[in-house]
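Below is a short report on one protein chain. It covers strand pairing, helix packing and a few single residues.

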Amino acid sequence: MDNPGKFYITTPIYYVNARPHIGHTYTTVVCDAIARRQRMMGMDTWFLTGTDEHGQKIERSAAAAGCSPREFVDKIAGEFRALWDHMKITYDDFIRTTEPRHIRGVQAMFTRLQERGYIYKGSYSGQYCVFDELYVDAAGPGAPCPECGRPTETVHEENYFFKLSAMQEPLLKFYAEHPGFIRPEPRRNEVTAFVRSGLRDLSVSRTSFKWGIPVPNDPKHVIYVWLDALANYMTAIGFGSDDPADVQKLARYWPADVHMIGKEIVRFHCVYWPAFLLAADLPLPKSIIAHGWLLFEESKMSKSRGNIVRSETILDTLGGDALRYFLLREIVFGQDGSFSFDALVQRFNADLANDLGNLSSRTLSMITRYFDGEVPYPSASERTPADEAIGALAGRTIADFHAQFEQFQFSRALETAWSLVAAVNKYIVENEPWAVAEREDQDSRARLATILYTSAEALRVVSALVHPVIPDATARIWSQLGLGEIDKFDLRSLAWGQLQLGTKLGKVEPVFPRADKSTVERMQQMEQQRSMEGASKETIAASPEPQPAGTGTQLGRPATQADSVPSPPASVPAAVDNKITIDDFLKVELRVGEVKVAEKVKGADKLLRMEVDIGSEVRQIVAGIAKAYEPEKLIGRKVVIVTNLQPRKLRGLESNGMIVAASLGDEGQPVLAGFLEDVPVGAKLK
Ligand code: ME8
């Protein structure tokens, strides 16, 4: 069923309970750059993105916003699409899970699994995490979700179950036979270990809410959101339709070549999705590529953490190319990477305005000035090893860039291209074409032609290579070079020395005006303004997302939260007007502690285990601060500890006390309390 010459790539379909931010933009831009390059390499490319619009989380967000789920999802899906259009993302299709074509396809998938004996009816009693849309096994009422730490809800439901347990061996066999299926390598290892540890059957329907796709012939159930969402990759290209055009499209593009995702949804894509497909006897995608997170102020950028940056702020100041270049150059693909306005402006000025911008404007303006705007031909006699070296470097650059890009090493590929830019800028400075131009003899004229041809040819090579990453600027350079439309260029043919003698340059203009010092401030102000507007208008801000335990169980709530501090005995005077008496306050013992040991808790990416010296003893404390603090940095730090809390267990570890912190944003990003002056360990706070 596979077709050579085609390339099908997908982004995750984004939830519409949050407005788009640059985390979403990151995945979309990576896919867009890959898709653009594949098209330039002559591949019949299909690039799919879209929105994930069903589920209890969205139903509740809509209710909180006082509108119907339909109105709610239309609005946010429209914002995603408008942003991609504004950014000139070259998606071929935008799927919404509320569209009839998707609903029909999901129902067809469900029926197919049912008919093949992989779906049966059973019942479930236990804990459920609304945020992750996950059943949590082996947890008591109120227990936190092991994925996100938010409190789970108790549910009793009759459900349809998918026989995931039967897929354990087929999945392991598939992973073994397809080593490139899950990338990068560490993710593959995690997934394999997870599957090896055993799979339980998966509940694939819900009766507790309505906003979903009804189970065929049993509409009191709606289909599990992840079965619904994952199927988009096939429903968008025609699965479930018998229209001949759809049948043809599905046969043409499925299986997908790349599902690009963030690392937090690896399990759904690498375990559930292939399991559904194996059971349905459908071909599996060729690869699932999981990238890292974009961090802002050290924690994952997300709406609920309130630390997001919107793409619009950057588009309105530095433009789309600046954002695209930054995301692909600064972040090592596969790893987490930080975003900051300072780093963005620095990269923009150094790499784009200075390096590429200067190469372009000086080469093109010298050709205009000295050769009347026509590309001169390099002289056969007036050649030096320096000219040959640039040609040779360009040849290696083309080969290396392709190899690195194809391995998803975008940052290295761009570094490779920029090494050529730097080498040519150096070559220009060393060969001083402006000085050569002053000499009027024949040889000097030939030498000048060689220098400028070499520079222009290098500029052409770089522009073609990096066009998928910075499409606007390279399209402008290309047309200034007199080469017409860059999108029509066949990248497979790129080689040194193809720039034709006498090519008439277009109008020469600077491509990247330098950003001045005030740009960072301007972007910060715009971001603040957007957040304020968002906060007053934003429907989704009201969504009752539970607090994550990672930052909330111990830190995201006040120290007097009922479940961490014993209730006062009946004899204590009752609180008046929400105020407590000094006696109430004095019940809480707060002391200065010093962190002696800090380490991550295995399997809980938000928790740190610490040993804290509180003067009289060293206490083990487990706190949800791992996203905000590197363990190494905490050692030796003075902190404030609630020392008289009843011990509690987190992830099987006893936590004997609570570390005090400010709680920022919707999700309570922790900032540890501390002192400006030096204070002795064990000192009491009152
Ligand atoms: O998970 N850094 O939707 P979602 C990098 N609907 N990438 C980020 C990011 C960040 N800080 N924040 C978001 C869902 N992303 C499901 C997917 S697919 C069948 C269903 C990107 O809106 C990244 O690609 O939570 C991540 O996986 C995705 O957005 C999550 O989007």
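Strand S18 (residues 604-613) and strand S19 (residues 618-623) pair in the antiparallel sense over six bridges. Pairing here requires that DSSP finds at least two bridges between two strands. Leu608 stands opposite Ala623 in S19. S18 and S19 form a hairpin, with four residues between them. In the turn, Gly615 has a positive phi of about 95°. Helices (H or I, at least four residues) and strands (E, at least two) are DSSP runs, numbered from the N terminus.

This is a predicted model: local features need pLDDT of at least 70, side-chain atom pairs count only at pLDDT 80 or more, and totals for chains, interfaces and linings use all residues. Residues are numbered from 1 along each chain as its sequence is written, and side-chain values use heavy atoms, with hydrogens and water left out.

**The six-stranded sheet**

An open sheet has six strands in the order S3-S2-S1-S12-S13-S7, with parallel pairing. Its edge strands are S3 (93-96) and S7 (182-183), and each pairs on one side only. Strand S12 (residues 258-262) runs parallel to strand S13 (residues 288-291), and four bridges join them. Met260 has Ile289 in S13 as its bridge partner.

The angles run from 0 to 180 degrees between N-to-C directions, and axes are lines fitted to C-alpha atoms, for helices over the stretch in contact (heavy atoms within 4.5 Å).

| Helix | Strands it lies across | Angle |
|---|---|---|
| H1 (residues 22-40) | S1 (6-15), S2 (44-52), S12 and S13 | about 170° to S1 |
| H3 (residues 69-86) | S1, S2 and S3 | about 160° to S3 |

H1 has 19 residues and reaches 26 Å from its first C-alpha to its last. That is close to the 27 Å expected at 1.5 Å a residue. The expected span is 1.5 Å times one less than the number of residues. Of the 19 residues of H1, 18 are buried, so H1 is largely enclosed by the rest of the structure. Buried means under 20% relative accessible area, exposed over 50%, and partly exposed in between (1.4 Å probe, protein chains only). Just after H1, Gly42 takes a positive phi of about 85°.

**H12 against H15**

How do helix H12 (residues 320-330) and helix H15 (residues 410-431) pack, and at what angle? Their axes are 6 Å apart, at an angle of about 110°. H12 and H15 are therefore roughly perpendicular to each other; that label covers 65 to 115 degrees, while angles under 35 count as roughly parallel, over 145 as roughly antiparallel and the rest as oblique. H12 contributes Tyr325, Leu328 and Arg329 to the contact. H15 contributes Phe410, Ser411, Leu414, Glu415 and Trp418. By class, the contact has five nonpolar, one polar and two charged residues. Ala, Val, Leu, Ile, Met, Phe, Trp, Tyr, Cys and Pro count as nonpolar, Asp, Glu, Lys and Arg as charged, and the others, Gly among them, as polar.

H12 is mostly covered, with nine of its eleven residues buried. Among them are Tyr325, Leu328 and Arg329.

**Two single residues**

Glu415 lies in helix H15. Glu415 is partly exposed, with a relative accessible area of 42%. The C-alpha atoms of Glu415 and Gln56 are separated by 44 Å, and the two are 359 residues apart along the chain.

Asn349 is found in helix H13 (residues 341-371). Is Asn349 buried or exposed? Asn349 is buried, with a relative accessible area of 8%. Leaving aside neighbours within four places in sequence, Asn349 is in contact with Asn354, Arg514 and Ala515.
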